[in-house]
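Have a look at the model first.

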Amino acid sequence: MNIYTFQNESGFVQTAAGIIASLVNTNPRAKLGLATGSTPVGLYAKLIEMNKEGLVSFKGVTTYNLDEYVGLPDNHSESYRTFMNEKLFKHIDINLAQTFIPNGNAADLEEECRRYDRMLEENGPVDLQLLGIGHNGHIGFNEPGETLHSGTHVTTLQEKTRTANARFFSSIEEVPTHAITMGVASIMKARQIMLLIRGEDKAEIARRALTGPITTECPASLLQCHPNVVVLLDQGAGRYFK
Ligand code: F6R
């Protein structure tokens, strides 16, 4: 793992954006695995800026998002489809038809999971998978436990995850109880993984994930087995990596 800690926000964001932009400039038909949440918001804003300045084009790029809530309409303000459209897609020159997110409203969710896996299998592997990390060590919505799933599946969100995400909703009752998420094997198939970790509140989980034992109780620790991972930490999250 290549682990870098940044003293300021601009270095963190510029490095992350630079990694994606150089990949896309080298391979204009790159396939990107994308994440939502607060962590990549600055990165997406930087990519929008670079796109507008003509430094990178996403015309040929295809994207696959990690996860989506179950039961939120696509146009709900907190669906991950809305998040991606608002925070990135509608501001760049990407073809929206080439952006894929699991459908959390499918009539048959199990079939939707299999469809997403087939698509990943036929079109993958992604060239770069972007990840954030939950306070409990989840990646995507692969929550810690005795076992993990390899493929895309419906997962029950842990209370810690729902509490953390309640900040985006008016009350915790509104946070969906389930989500569709890519599994750990699909994530690990990416040619390269870029894990972003921000904030003092993530310092402990960063240490556990990056230096602790590899265990399903901390799904992000599995990334230690991947041959090509870059981890960017801001000053707060990087307390143990100076
Ligand atoms: C989001 C995702 C999650 C988040 C994680 C961190 O698509 O897959 O694993 O990356 O919950 O969320 P934030 O960035 O909001 O702290």
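The lining of the largest pocket splits into 11 nonpolar, 13 polar and 8 charged residues (Ala, Val, Leu, Ile, Met, Phe, Trp, Tyr, Cys and Pro count as nonpolar, Asp, Glu, Lys and Arg as charged, and the others, Gly among them, as polar). This is a predicted model: local features need pLDDT of at least 70, side-chain atom pairs count only at pLDDT 80 or more, and totals for chains, interfaces and linings use all residues. Residues are numbered from 1 along each chain as its sequence is written, and side-chain values use heavy atoms, with hydrogens and water left out.

**Largest pocket**
- Its volume is about 580 Å³ (grid points are joined across faces, edges and corners, and a volume is the space filled by probe spheres set on the points).
- There are 32 lining residues, and Thr36, Gly37, Ser38, Asn165 and Arg167 sit nearest the centre.
- On a 1 Å grid over the protein atoms alone, a pocket is an open set of points with protein on both sides within 12 Å along at least five of seven lines, a cavity is a set where a 1.4 Å probe fits but cannot get out, and lining residues have an atom within 4 Å of a point.
- α5 gives the most to this lining, with 4 residues (helices are DSSP runs of H or I, at least four residues, and strands of E, at least two, numbered from the N terminus).

**Second largest pocket**
- This one comes in at about 200 Å³.
- Of its 14 lining residues, Leu120, Glu121, Pro125, Ser186 and Lys189 lie nearest the centre.
- α4 (109-123) and α6 (184-188) each supply at least two lining residues, and the largest share, 3 residues, is from α4.
- By class, you get 6 nonpolar, 5 polar and 3 charged residues.

**Cavity**
- The count is 1 cavity of 30 Å³ or more, and the largest cavity holds about 40 Å³ of space.
- Its lining includes Ile20, Leu47, Phe58 and Phe89.
- That lining has 11 nonpolar residues, 1 polar and no charged ones.

**Helix pair α1/α2**
- α1 (residues 9-26) and α2 (residues 41-52) pack at about 55 degrees, with axes 9 Å apart (axes are lines fitted to C-alpha atoms, for helices over the stretch in contact, and angles run from 0 to 180 degrees between N-to-C directions).
- The contact (heavy atoms within 4.5 Å) is made by Val13, Gln14, Ala16, Ala17, Ile20 and Ala21 of α1 and Gly42, Leu43, Lys46, Leu47 and Met50 of α2.
- By class, that contact has 8 nonpolar, 2 polar and 1 charged residues.
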